[in-house]
Amino acid sequence: MSIHTLMFGWEYPPLHLGGLGVACQGLVQGLLKNGVHVTLVLPHPHAQSEEHDVISPKEHRIRTVKVQSMLNPYMTTDQYFQQINAVSKEMQQVYGSDLPQAVTHFTEVSVELTKHTSPDVVHCHDWMTYGAGIRAAKYHRKPLITHIHATELDRTNFHPDEWIYGLERQGFQAADRIVAVSNYTKNILVEHYGIDPAKIMVVHNGSSEEHLRAPQKLTSLCGRKHAPMVLFLGRLTLQKGPIQFLEMANKVRRFRPDTQFIMAGEGGMMGEIVQKVRELNLQENVALAGKVSSAEARKLYRKADCFVMPSLSEPFGLVALEAIAHGTPVVISKQSGVSEVVGHGFKVDFWDTDKMADCVLTILREQPLANQLRTAAPRSLQYLRWENQAKHVRSIYEKLIR
Amino acid sequence: MKHTYPNICFYFQVHQPYRLRDLRITDIGSEKMEYFDEEKNRAIFQKVAQKCYLPANKLMLELLETYPDFSVAYSISGVFLEQCTLYGPDVLESFQALAKTGKVEFLAETYYHSLSSLKSIAEFVEQVSAHADLIEELFGQRPRIFRNTELIYSNELAHIARLMGFDGILAEGADHLLKGQNPNDAYTPPSFRLPRGIERIVQKERPHGKAMRRISVLLKNYRLSDDVAFRFSDKTWIGYPLRSDTFTDWLMQTGGSSVNLFMDYETFGEHQWADTGIFDFLRSLPKIWQERGIRAITPSQVIALQRKKEAKVFDSHTHVSWADTERDLSAWQENEIQRAALDALFALEPLVKQAGNKKLLDEWRKLQTSDHFYYMCTKYWNDGDVHKYFSPYDSPYEAYRRFSHALCDLRTRLESLTPRTQTPNPKYSNP
């Protein structure tokens, strides 16, 4: 059966800031491998420009539609306001002068631009595209799938912007099926959005092919002659738990004073983090690496003796899979979706920085443990190929079409 | 007497480990370091006592008193008997009441339900002797039959047991070793002499004074044992629901001299809950057996009857056990952390024995209990297929974390007690 999905995304490599773009790309590529035709609609600050990566140019089953917009998925209304004020009044008309307007603009334009397509299903990713998804599904009279990668509650430590929360809820209610990236996220939808659990399917994110081929650490590098290094990689926002990371670092440092802690990523909490480092007198131990490229990230993963993901609320947490793929032992928050699929690693409550530190110290002290995590965890990633995860999505399509 | 049908030999394993506390690196070397989770161990013991030990013993007493041809055997670990004293003296009393019927045989094992047979024969024989002493003290009989932890067995181990003076040893009737032969028959290990070094070690600790000339091997009939222990309440199993007369038919059809039904005692009420009808099943067996002229006898009685017959050779060059489908050591010694943990533990043996500190010796031995290593097993620990584990901890890695902290602490204490032999003599060292 040939299936055509009209998909509304909102970030895509190389223009991406976080896991959503990576997950979208993995899913689209996985769907293509499963014989699904994809029309992908993306917001793009320079819709006319041609430099945009169109996944695999030789692929005939995908078409991309670019919508001129300044939207990015991790934006708050304030941040949008700052950005839009930096462009000319003329262009503000095109982008939308505030976030709600920008979303309305994206919705209208993207629905308009795809009227000529004849999809079998409409599939949209996270709140900014839900409006477009709802309208497109109505126009084409086709089933609507809303995919949820992260809720407003995850991003705000359960203090949502009511307007965004409302849009999310509308999307969930209008959907024929919801795809949640974890049981953790499914539970949030049931408990905090009042959504019928029967309507929600869990499809965990996959590990990209690139990860499966990631070069492993050389065992000679694991001989602990260098000072141990513990890595954090993520946006520096409340959700990702950078403060918890520093509290953990402080406790680890007491036993292993030579430990280096690298925090890679940028975000609104930079100031607070710098202050906390000073407060804990961690200047000698903590390095803030800022935003890193994929190549730099790979280097850091390989160099790290331990990767810690202390997120307060993490719908999935692809970084943990990336670390694992590079042979780095992981300590991850129990409040995460990825903890549902990672067996070979430590899982702790994000607030329990004592235990987090203890797990890190155990990994640093116990060579056999580190070795086993290094080898056993990457092997288990093969169960999580995108091709396989996309097969679940395809079967959701099939059930809806029938 | 009809003797065309085999006898039944019931043996039940009774054991509870000392589970570890959520130890932290910050605890290591502290004054009041406690390795074991007193609260959790008490709670589990008392829960299982209510569900299994007390009701099962009550029923067993009734059956032993009612049916003259019904006997059973138990192997009760030393650490379980200690926990009886700590958490449930009534459980110990109920076992003692069974012993008083004179129809219950108690088997020998390592006091600490340990993996010592894999690492140190000296340590192993000491633990077996200590266990035999305890059984004699509590139940008034000195064990004549040996069963090793989780039925771990090898040719060498059988001869060690023979040298220690045991009449018989239990083993898993593993298909790959039986090669189509009947597990119900009489078996003995192939005869050979142990290395002189091992013989000497064993001679030092001989619970029975003298070595035996031969030793019998009783093999578990795992199909029929597991029908009760694992499949009894499995609704997808073709034999469900298992009735005692059907089960007796199966027993009678298997031939040989003795159907050896070996299982965890916790099968009754804990692995199979009371509402599955497991107690009713057990209650009805001796009655049917009596009607059909089948006797349930003890391992020693089986061996006495088999002595008159020619025994076949049961040849096990490598270790077999009753664990998992592999029936090897992989439940405890498959992955890197399991092997590292056991190696590191036994690396402390010289230090522990030299230190002569009773408490540290006891703690070192409690860490040898096989369950600690079982909890670290990752055989089925695939992502997306997280194996439902009978473990008190979150994960195999959590088990290792706690264990490694206990070990670090123990090492620290031992090193502070024992002057380092490698310490350079100040006389000869360079300034």
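**Contacts, helices and domains in the predicted model**

Me: This is a predicted model. How many residues does the contact take from chain A and from chain B?
Reply: In this predicted model, the side of chain A that touches chain B draws at least two residues from each of β13 (346-348), α14 (353-365) and α15 (367-379) of chain A. By class, that side of chain A divides into 11 nonpolar, 6 polar and 4 charged residues. The contact takes 21 residues from chain A and 17 residues from chain B.

Me: What domains does the domain assignment of chain A give, and which elements give two or more residues to the side of domain 1 of chain A that touches domain 2 of chain A?
Reply: The assignment gives domain 1 (3-206 + 385-401) and domain 2 (209-383) of chain A. In the contact of these domains, 20 residues of domain 1 of chain A meet 14 residues of domain 2 of chain A. The side of domain 1 that touches domain 2 in chain A holds 7 nonpolar, 10 polar and 3 charged residues. The elements that give two or more residues to this side of domain 1 are α1 (19-33), α6 and α8 (183-193) of chain A.

Me: What covers the buried residues of α5(A)?
Reply: The buried residues of α5(A) include A:G131, A:A132, A:G133, A:A136 and A:A137. Just after this helix, A:R141 takes a positive phi of about 55 degrees. The cover over the buried residues of α5(A) includes β1 (3-8), α4 (99-113), β4 (121-125), β5 (144-148), α6 (152-155) and α7 (162-174) of chain A.

Me: Is A:P100 buried, partly exposed or exposed?
Reply: A:P100 is found in helix α4 of chain A. A:P100 and A:M128 are 28 residues apart in sequence, and their C-alpha atoms are 9.5 Å apart in space. A residue needs 20 or more other C-beta atoms within 10 Å to be buried, and 12 or fewer make it exposed. A:P100 has 14 C-beta neighbours inside 10 Å, so it counts as partly exposed.

Me: Which elements do the buried residues of α16(A) pack against?
Reply: The residues in question include A:W386 and A:Y397. The buried residues of α16(A) pack against β1, α1, β4, β5, β6 (177-180) and β7 (200-202) of chain A.

Me: How many helices and strands are there in chain B, and what is its radius of gyration?
Reply: Chain B contains 17 helices and 11 strands. For its 431 residues the globule rule gives 22 Å, and the value for chain B is close to this, so the chain is as compact as a globular protein of that length. Of these residues, 48% count as buried. The radius of gyration of chain B is 22 Å.

Me: What distance separates the centres of domain 1 of chain B and domain 2 of chain B?
Reply: The domain assignment of chain B gives domain 1 (7-313) and domain 2 (332-417). Their centres, taken over C-alpha atoms, are separated by 24 Å.

Me: Is B:V79 buried or exposed?
Reply: B:V79 is found in helix α2 (residues 78-87) of chain B. Leaving out residues up to four places away in sequence, B:V79 touches B:P17, B:Y18, B:Y112, B:H113, B:K366 and B:T369. With 24 other C-beta atoms within 10 Å, B:V79 is buried.

Methods. Residues are numbered from 1 along each chain as its sequence is written. Chains are lettered from A and ligands numbered from 1 in the order in which they are written. This is a predicted model: local features need pLDDT of at least 70, side-chain atom pairs count only at pLDDT 80 or more; totals for chains, interfaces and linings use all residues. Helices (H or I, at least four residues) and strands (E, at least two) are DSSP runs, numbered from the N terminus. Two residues are in contact if their C-beta atoms, placed from the backbone, lie within 7 Å. Ala, Val, Leu, Ile, Met, Phe, Trp, Tyr, Cys and Pro count as nonpolar, Asp, Glu, Lys and Arg as charged, and the others, Gly among them, as polar. Domain bounds come from an automatic or database domain assignment. The radius of gyration is taken over C-alpha atoms; the globule rule is 2.2 Å times the number of residues to the power 0.38.
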